[in-house]
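Thanks for coming, everyone. Please have a look at the structure before I start, and keep it open while I talk.

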Amino acid sequence: MSELFDMPSDLQNTYFGLVALHLRAALLPVLAGLLLALPVAQLCVRVRWLYPPVLWVTTVLYAIPSLAFFVVLIDYTGLSELTVMIPLAVYSLVVLVPAIVDGVRSVPQETLAAATAMGFGPVRRYLQVQLPIAAPAIIAGLRVACVSSVSLVSIGMLIGNAGALGNLLNSGMIYHQPRLIWLSVVGTAVLAILVDAVLIGLRVLLTPWMPRGGTRENTRPLAVKEAAR
């Protein structure tokens, strides 16, 4: 069994070391994208005319092939993990910004009015009222962004030893070992499934008012009651 996970020496990592690198390279960009998307989305909610151009810019950036991104960034960040992470963070914005905007806009006006009457300022109202109610939509966006990021990390093998599990694809072809290719493909798929499952569990924890099989219409009143506590 141990022979299955034997790695070529040029990878300079064990299999599970590559798994850890893959998770880091996939999830840190999504976290960075989320931190950027939160204020941008709130600005789009407050200034409605700004949303279409922001959405257009994120969509155009998402349409740029990752290899073109790499070519531009290599002069500044070299053949490093950062060269892979920056495009992944940019790509996550095209999912996260609309998810946050839609989630925040779904908060009922009477809930916002109640929070304002209780003395909540704009920042506190956003953090303690709007974001918790918008959590299902935001986590849905995170699920798409994270799974996409996990799959795209492997492209880093094209610019050197920066593809984590994707490096096994290159090694498998060089050494004619299908075992390495299968370890890469199956490992990446399992990671994506596990990350998605964790986010589903997080949604359940953060939104206890939502029935697991409920619809948006019958869960909104429960969310309003929870935010009013």
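Let me begin with a question: is Glu81 buried, partly exposed or exposed? Remember that this is a predicted model. Glu81 has a relative accessibility of 24%. Buried would need a value under 20%, and exposed a value over 50%. So Glu81 counts as partly exposed.

Glu81 has a partner. Arg24 forms a salt bridge with Glu81, and their closest N and O atoms are 2.9 Å apart. This pair links distant parts of the chain. Arg24 sits in helix H1, Glu81 sits in helix H4, and 57 residues separate them. Arg24 is also partly exposed, because its relative accessibility is 41%. Why can such a pair form at all? Side chains of opposite charge can pair when their charged atoms come close.

How many salt bridges are there? The count is two. The other one joins the side chains of Arg143 and Asp196, at 2.6 Å from N to O. Again, distant parts of the chain are linked: Arg143 belongs to helix H6, Asp196 to helix H8, and they are 53 residues apart. Now compare the two ends. Arg143 is partly exposed, with a relative accessible area of 31%. Asp196 is at 18%, so it counts as buried.

Let's step back to the whole chain. It has nine helices and zero strands. There are 229 residues, and buried ones make up 43% of them. The accessible surface comes to about 12,200 Å². Carbon and sulfur atoms hold 70% of that surface.

Next, the inside. In soluble globular proteins, nonpolar side chains tend to be buried together. Here, the largest nonpolar core has 25 residues. Val97, Ile100, Val101, Val104, Ile138 and Leu142 touch the most other members. Which helices supply at least two residues each? They are H1 (15–46), H2 (51–63), H4, H6 (122–152) and H8 (178–206). H6 gives the most, with eight residues. Apart from this core lies another one, of 23 residues, including Leu18 and Tyr91.

Take Leu142 as an example. Set aside its neighbours within four places in sequence. Leu142 is then in contact with Val30, Leu34, Leu96 and Leu199.

Now find the loop between helix H4 (81–105) and helix H5 (109–117). Ser106 is there. Is Ser106 buried or exposed? Its relative accessible area is 14%, so Ser106 is buried. A polar atom of its side chain lies 2.5 Å from the backbone oxygen of Gly103.

Move on into H5. Thr111, Leu112 and Ala115 are buried there. They cover an arc of only 100° around the axis, so they lie on the same side of H5. Why do residues three or four places apart point the same way in an α-helix? An α-helix has 3.6 residues a turn, so such residues line up. Then turn to the other side of H5. Gln109, Glu110 and Ala117 are exposed there. Just after H5 comes Gly119, with a positive phi of about 95°.

Look for the salt bridge between Arg24 and Glu81. Look for Leu142 in the largest nonpolar core. And look for the buried side of H5, with Thr111, Leu112 and Ala115.

Conventions. Residues numbered from 1 in each chain as written. Predicted model: local features only at pLDDT ≥ 70, side-chain atom pairs only at ≥ 80, totals over all residues. Heavy atoms only, no water. Helix = DSSP H or I, 4+ residues; strand = E, 2+ residues; numbered from the N terminus. Buried < 20%, exposed > 50% of the residue type's maximum accessible area, 1.4 Å probe, protein only. Polar contact = N/O pair within 3.5 Å; in protein donor to acceptor, adjacent residues only side chain to side chain. Arc of directions from axis to C-beta. Areas by Shrake-Rupley, 256 points an atom, 1.4 Å probe, with all protein chains shown as cover. Core = buried A, V, L, I, M, F, W, Y, C linked by side-chain atoms within 4.5 Å. Contact = heavy atoms within 4.5 Å. Salt bridge = Lys/Arg side-chain N within 4 Å of Asp/Glu carboxyl O.
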